[in-house]
Amino acid sequence: MIDEVRSWIEAARRVVVLSGAGISTDSGIPDFRGPQGLWTKNPLAEKMSNIHYYLADPEVRKLSWQNRLSSPAWHAKPNAGHSALVFLERRNKLHALITQNIDELHQIAGNSPEKVIEVHGTMRRFMCWGCGMRGPMQVVLERVRAGEADPPCRDCGGILKSDTISFGQQLVPEVIDRAMRVAAEADMFFAVGSSLQVYPVAETVSIARRAGARVVIVNAEATPFDELAHAVFNDSISAVLPRLCTA
Ligand SMILES: [Zn+2]
């Protein structure tokens, strides 16, 4: 099957990749829902990722800032799975990289920022709920380190959070529209490390399939889209992806 997928990539001109948490677990960033997941281990974490609790409760925000400070993502390095996708771009195959991840490991690995569509935003930026101002997250984390438990916006006094889509929060329409559009333009589609259970992002798989793309799923566990895929690998992403994507 590996050789077959390699030949599909060889023939493809517009590969679109959808990546989820599974590609970053080998970089030491825990998944939310998996058996080792954040929510499974700490139910309070689910509260912290819900926008309603976050805006309503200063205690939830204080905990969230402490969590952001100690996030393993700050020290995480891209793994062989990320590198394989950089290689795909260097081969001029990569049309777009839709990601559900907020860690920016694709860009750090070397994918062009303009190829990456971050449907859930990025943890490396903050945003103000009051005035919409955005900036580097490290600036706010410095204030937390210096003793501000829940730092307000310096412009408007509003509540700050990471520039990510929390639960209960709307996706950014232009971003999700772009994801749907590139999926329809794909002649090959990879879903990598995503459980494909979050909508509407998961729909990119069926959009690509309907547009005639070859669909390949690489994920540790089965997904609801396995039956419409041309190939499924239930295996380690950092092991499989380099074998598929390197020339
Ligand atoms: Zn503000």
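A word on the ground rules. This is a predicted model, where local features need pLDDT of at least 70, side-chain atom pairs count only at pLDDT 80 or more, and totals for chains, interfaces and linings use all residues. Residues are numbered from 1 along each chain as its sequence is written, and side-chain values use heavy atoms, with hydrogens and water left out.

Let's start with the strands. Helices and strands here are DSSP runs (H or I, at least four residues, for helices; E, at least two, for strands), numbered from the N terminus. I'll say "buried" for under 20% relative accessible area, "exposed" for over 50%, and "partly exposed" in between, with a 1.4 Å probe and protein chains only. Strand S1, residues 15-19, has 5 of its 5 residues buried, so it is largely enclosed by the rest of the structure. Both of its faces are covered: Val15, Val17 and Ser19 sit on one side, and Val16 and Leu18 on the other.

What does S1 pair with? Two strands pair if DSSP finds at least two bridges between them. S1 runs parallel to S2, residues 94-99, over 5 bridges, and Ser19 has Thr99 as its bridge partner there. S1 also pairs with S7 in the parallel sense, again over 5 bridges, with Val17 opposite Phe190.

S7 covers residues 188-192 and is joined to S8 by 5 bridges, in parallel; Phe189 stands opposite Val215. Between S7 and S8 the chain passes through helix H10, residues 203-210, in a right-handed β-α-β crossover. Right-handed means that, with the strands pointing away from the viewer, the path from the first strand over the helix to the second runs clockwise. S8 itself, residues 214-218, has 4 of its 5 residues buried. Then 3 bridges join S8 to the parallel strand S9, residues 231-233, where Ala231 stands opposite Val216.

Now the metal. Which residues hold the zinc ion? Its protein donors are the SG atoms of Cys128, Cys131, Cys153 and Cys156, lying 2.3 Å from it. Donors are N, O and S atoms within 2.8 Å of the metal (3.2 Å for Na, K and Ca), and water is not among the atoms, so sites may look incomplete. Along the chain, the donors follow the spacing C-x2-C-x21-C-x2-C. Cys128 in strand S4, residues 121-128, and Cys153 in the loop between H8 and S6 are 25 residues apart, so to speak linking distant parts of the chain.

Last stop, the second largest pocket, with about 240 Å³ of space. A pocket is found on a 1 Å grid over the protein atoms alone, as an open set of points where a 1.4 Å probe fits, with protein on both sides within 12 Å along at least five of seven lines; lining residues have an atom within 4 Å of a point. Grid points are joined across faces, edges and corners, and the volume is the space filled by probe spheres set on them. Of its 19 lining residues, those closest to the centre are Glu118, Gly121, Arg125, Val172 and Val175. S6 gives the most to that lining, with 4 residues.
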